[in-house]
Amino acid sequence: FFFQAEDGIRDAQESRGLGDVYKRQNLSITTYNILFGAPIQNKLFDYFSANGFRFNYIINQIMCKDLQSDIFALNEVIKPFVDLLMSNPMIRQNYYLSSLFSDDPPHDCLVLSRYPFAIVGAKRRRVALFKLGNGESLAVGSLHLVHTELEYMMLRRFKQIKETVEFLRQPMVISQSKELQLFAEETIKKAMARKNVILLGDMNFHNLGETDIVYEEGFEDVWLNLRGFEEGYTWDPKENPFIRKILPFDDRRMRLDRILVSEGAKDISFHHISIFGKEPISVKRLGYKVMPSDHYGLHAELVVDENHREVLRSFDYWKSRELILKGRDQKSTGFTPIKKILIKRFTTLAVISVGLLAFIAILIRFIVKRALK
């Protein structure tokens with residue numbers, strides 16, 4: 001397991017990636033799973049997923065008008081989305097971009113920043129590296145972990161988290177540029193020494209007990225730190241009609257998307273976090289207004305200041321764990337299990353199919369009788 005290094009890109013030109021983030025500065029950071037579309041790419045599926053409308057709304061309204069964050073960490077990004085980004089004047093003039101790792105599988109994590117950065121990464125795990133104004137470093141990891149609540153997939157997520165943290169502790173970077181390789185490894189070591197590390201993205205933490213891995217690996221959940229027991233669902237079929245239409249019978253309300261920070265970070269402190277992406281776009285499919293994504297996003301603000309500790313409000317996760325579980329199985333979502341959801345879907349599909357076949361048979365008999373008269 002290794003991470004490959006590259007520079008951030010602005011306006012299709014290579015950047016050295018050694019920019020400064022200054023002391024006592026407020027930074028805003030955003031994570032969002034934009035929903036790449038349907039697994040099968042054709043005009044019919046593209047029509048229902050409304051990729052073009054959604055992508056333009058995400059870029060022009062959410063990114064360029066509503067948020068204008070200093071750092072965006074996006075999940076499920078595909079090339080058409082990147083093409084739209086690069087055609088937007090505001091993005092081209094104000095942001096550095098990472099590149100997609102590859103086109104197979106079709107989506108990846110993408111990092112945008114107003115500040116130059118170097119980035120190291122593997123597929124769906126990218127770490128952006130910044131130099132702070134006090135000579136220290138900041139590492140921001142954009143992650144998209146494997147999905148579903150099944151136990152073997154949960155264990156794969158744990159493995160992905162552990163691999164990422166282990167890499168940060170003992171960085172081994174591959175790069176065609178020896179200078180960039182040394183810079184990346186040294187920057188990561190400095191960031192880890194000061195615990196200036198942020199991990200964010202679609203963690204796909206389906207089960208109630210999965211937050212354990214966050215604290216076991218020496219991180220804190222920013223939502224818990226600042227919002228405590230507030231729900232914070234970023235996957236919410238109760239509120240998001242997009243999920244109800246494309247994934248019927250799913251009642252699982254989950255905090256799939258997270259922003260995590262190293263426990264005891266020396267130079268950074270979060271003071272705000274909120275959810276966005278709850279407003280529909282002005283396009284209808286199947287009688288409902290399309291949402292920007294099936295996920296909601298997280299937007300947070302932090303201070304870069306080595307004398308920041310009075311800003312931080314910590315959450316005692318282990319003392320609060322039983323209150324979070326509320327007697328529910330830690331290896332469950334707390335809602336209908338995915339196996340039961342799938343049974344409902346297949347049963348409904350079977351009933352509809354049988355009914356449709358019966359209707360067709362009756363119609364054929366009727367036509368034949370009329371023809372024989």
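1. Let's start at P248, which is found in the loop between helix 9 and strand 15 (257-262). Helices here are DSSP runs of H or I with at least four residues, strands are E runs of at least two, and both are numbered from the N terminus. P248 is partly exposed, because its relative accessible area is 33%; buried means under 20%, exposed over 50%, and partly exposed in between, with a 1.4 Å probe and protein chains only. Not counting residues up to four places away in sequence, P248 touches I243, I341 and R345, where contact means heavy atoms within 4.5 Å. The C-alpha atoms of P248 and I341 are 8.1 Å apart in space, although the two residues are 93 apart in sequence.

2. A word on the source before going further. This is a predicted model, in which local features need pLDDT of at least 70 and side-chain atom pairs count only at pLDDT 80 or more, while totals for chains, interfaces and linings use all residues. Residues are numbered from 1 along each chain as its sequence is written, and side-chain values use heavy atoms, with hydrogens and water left out.

3. How confident is the predictor? The mean pLDDT of the protein is 88, and 88% of its residues reach 70 or more; pLDDT is the predictor's confidence in each residue, from 0 to 100. Over residues 11-19 the pLDDT is below 50, and this stretch has 24 contacts in the model beyond near neighbours in sequence.

4. The largest nonpolar core has 29 residues, and I29, I198, I259 and F270 touch the most other members. Strand 19 (residues 297-304) gives the largest share of this core, four residues. A second, separate core of 28 residues includes F158, L199, L224 and F315. A nonpolar core is a set of buried Ala, Val, Leu, Ile, Met, Phe, Trp, Tyr and Cys residues joined through side-chain atoms within 4.5 Å.

5. Leaving out residues up to four places away in sequence, the contacts of I29 include I71, V140, I198, L200 and F270. I29 also touches L298, H299, A300 and L302.

6. Strand 5 (residues 25-33) is largely enclosed by the rest of the structure, because eight of its nine residues are buried. Strand 5 pairs with strand 19 in the antiparallel sense over seven bridges, and T31 has L298 in strand 19 as its bridge partner. Strand 5 and strand 6 run parallel and are joined by five bridges; here the bridge partner of Y32 is L74 in strand 6. Two strands pair if DSSP finds at least two bridges between them.

7. Which residues of helix 3 are buried? In helix 3 (residues 79-86) they are F81, V82, L85 and M86. Seen down the axis, these buried residues fall within an arc of 135 degrees, so they line one face of helix 3; the arc is that of the directions from the helix axis to the C-beta atoms. Their cover includes helix 2, strand 6, helix 4 (89-94), strand 7 (96-97) and strand 8 (108-113).

8. The structure holds eight aromatic pairs. Rings of Phe, Tyr and Trp (its six-membered ring) pair if their centres lie within 6.5 Å; planes under 30 degrees apart count as stacked, over 60 as edge-to-face and the rest as tilted. F55 and F81 form an edge-to-face pair, 5.2 Å centre to centre with 90 degrees between the planes. This pair links distant parts of the chain, with F55 in helix 2 and F81 in helix 3, 26 residues apart. F55 counts as buried at 2% relative accessibility, and F81 counts as buried at 0%.

9. F242 and Y288 form a tilted pair, because their ring centres are 6.2 Å apart and their planes are at 45 degrees. F242 lies in helix 9 (residues 241-246) and Y288 in strand 18 (residues 288-289), so the pair ties together parts that are 46 residues apart in sequence. F242 is buried at 1% relative accessibility, and Y288 is buried with a relative accessible area of 8%. Elsewhere, Y215, Y317 and W318 form one aromatic cluster.

10. Two loop residues to look at for their backbone: Q68 has a phi near 50 degrees, a positive value in a residue other than glycine, and sits in the loop between helix 2 (51-67) and strand 6 (71-77). K195 has a phi near 60 degrees, again positive in a residue other than glycine, and lies in the loop between helix 6 (178-193) and strand 13 (197-202). Q68 counts as partly exposed at 38% relative accessibility, and K195 counts as partly exposed at 37%.
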